[in-house]
Amino acid sequence: MNEFNGLDSDKLHSLYRRLLLLRRFEERVYTNFLQGEIPGTVHQYNGQEAVAVGICDHLRPIDWITSTHRPHGHALAKGISARRVMAELYGKVTGCCNGKGGSMHVGDPSVGMLPAIAIVGGGNSVVIGLGLAYKLRRTDQVAVCFFGEGATNEGAFHESMNFAAVQRLPVVFVCENNLYGASTPYHQVSLVSDVAARACAYGVASQIVDGMDVLAVHKAGGGEAIALARAGRGPILLECKTYRYIGHSRSDARGYRTKDEEAEWKQKDPIPRLGNALIAAGLSDEATLARIAQSVEAELDDAVEFARASPDAAPEQALEDVYA
């Protein structure tokens, strides 16, 4: 069981199902967006599922996360139902933000997710407020900030790291390093190849993690980072090396990278990686994984039908929930 971090069969199958749910959700969104059912644009999470699933498995509803313009996977992993996330993308009142947030702003305070912030590095500043509140209230809550490597060249990243370190805030910074800030390779905008190396400048502990391996992320997140933050040991930075299979947004044809590079990363796909490992260890079989896949498809069928049948958000509702 060492290769599975001591996790039992039920937990391992639960992780597998969540990975599959995130992937299939994005595939449904892609199809329905192209058919004109989803307004606006979408920034999808395909390929990065192991990060959200591995981290959020350790969080309670009272532990909050901040997210980015690529938040669908974070929302599902944190516990927002597929129905409510899908309805939000469709602009329906049954969505998790009553249809007013859309793809880039999904969230739900009842499960501990602030509506996502589309500004690059925006969540890095906000998460500090969460962490400071937890410290002042003397709770054991933890705040997790998901962000891309592109955010690490923003001032917000450096200010938040420094403040969290000085105040010893219970914050876990999770960098999803998918190599590209939109279409710009990270190595063209930073001479520091690993984001994790930047943490030492602020006295923050850091760790590089295989972001295509849910078990590696699960161990680093819960076994070390979140546990230390919850125990009052201050912030930590996890750099999860991952890859998005799709373009930055739906209008991105990925002309800035090669097919060979994409194929190399797909060899590390987190879903068959875990499924094949479970079968090889005798903890699962093809029939069991097929039943999980069927249950995921049924959940998404229901989510899409729920979204289609829900009423549109009314224009006058834009004036509700406004604070100034």
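Biologist: Where is the closest cysteine sulfur to that of Cys-145?

Modeller: It belongs to Cys-175, and the gap is 9.6 Å, too far for a bond. The general idea: a disulfide is a covalent bond between the sulfur atoms of two cysteines. Here a disulfide is called when two cysteine sulfur atoms lie within 2.5 Å. Cys-175 is in no disulfide either; its nearest cysteine sulfur, in Cys-240, is 8.0 Å away.

Biologist: How many disulfides does the whole structure hold?

Modeller: The search finds zero. Now, some ground rules. This is a predicted model, where local features need pLDDT of at least 70 and side-chain atom pairs need pLDDT 80 or more, while totals for chains, interfaces and linings use all residues. Numbering starts from 1 along each chain as its sequence is written, and side-chain values use heavy atoms, leaving out hydrogens and water.

Biologist: Is Cys-145 buried or exposed?

Modeller: Start with the scale. Buried means under 20% relative accessible area, exposed means over 50%, and partly exposed lies in between, using a 1.4 Å probe and protein chains only. Cys-145 has 0%, so it is buried. Cys-175 is also at 0% and counts as buried.

Biologist: How many residues of helix 2 are buried?

Modeller: First, the naming. Helices are DSSP runs of H or I with at least four residues, strands are runs of E with at least two, and both are numbered from the N terminus. Helix 2 covers residues 49-56, and eight of its eight residues are buried. Among them are Glu-49, Val-51, Gly-54 and Cys-56.

Biologist: What is the angle between helix 1 and helix 9?

Modeller: Each axis is a line fitted to C-alpha atoms, for helices over the stretch in contact, and angles between N-to-C directions run from 0 to 180 degrees. Helix 1 spans residues 9-34 and helix 9 spans 270-280. Their angle is about 155°, with the axes 10 Å apart. Under 35 degrees counts as roughly parallel, over 145 as roughly antiparallel, 65 to 115 as roughly perpendicular, and the rest as oblique. Helix 1 and helix 9 are therefore roughly antiparallel.

Biologist: Which residues make the contact between helix 1 and helix 9?

Modeller: Contact means heavy atoms within 4.5 Å. Helix 1 supplies residues including Leu-12, Leu-15, Leu-19 and Arg-23. Helix 9 supplies Pro-270, Ile-271, Leu-274, Gly-275 and Leu-278. By class, this contact has nine nonpolar, two polar and one charged residues. Nonpolar covers Ala, Val, Leu, Ile, Met, Phe, Trp, Tyr, Cys and Pro; charged covers Asp, Glu, Lys and Arg; the others, Gly among them, are polar.

Biologist: Is the crossing of helix 1 and helix 9 left-handed or right-handed?

Modeller: Look at the near helix. If it is turned anticlockwise from the far one by less than a right angle, the crossing is left-handed; if clockwise, right-handed. Helix 1 and helix 9 cross left-handed. Helix 1 passes helix 10 in a right-handed crossing.

Biologist: At what angle do helix 1 and helix 10 cross?

Modeller: Roughly 45°, with the axes coming within 9 Å. Helix 10 runs over residues 286-309. The pair is therefore oblique. Contact residues include Tyr-16, Arg-24 and Phe-25 in helix 1 and Ile-292, Glu-297 and Asp-301 in helix 10. The classes here are ten nonpolar, four polar and seven charged.

Biologist: What is phi of Arg-138?

Modeller: The general idea first. Most residues other than glycine have a negative phi. Phi of Arg-138 is near 60°, a positive value. Arg-138 sits in the loop between helix 5 (122-137) and strand 2. Its relative accessible area is 77%, so it is exposed. Arg-254 also has a positive phi, about 65°. Its loop joins strand 7 (236-241) and helix 8 (259-266). At 22%, Arg-254 is partly exposed.

Biologist: Which residues does Glu-262 touch?

Modeller: Tyr-243, Arg-254 and Arg-257, not counting residues up to four places away in sequence. Glu-262 lies in helix 8 and is buried at 9%.

Biologist: Where is Ser-103?

Modeller: In the loop between helix 4 (82-89) and helix 5. Ser-103 is buried at 7%. Beyond its neighbours within four places in sequence, its contacts include Thr-41, His-72 and Leu-89.
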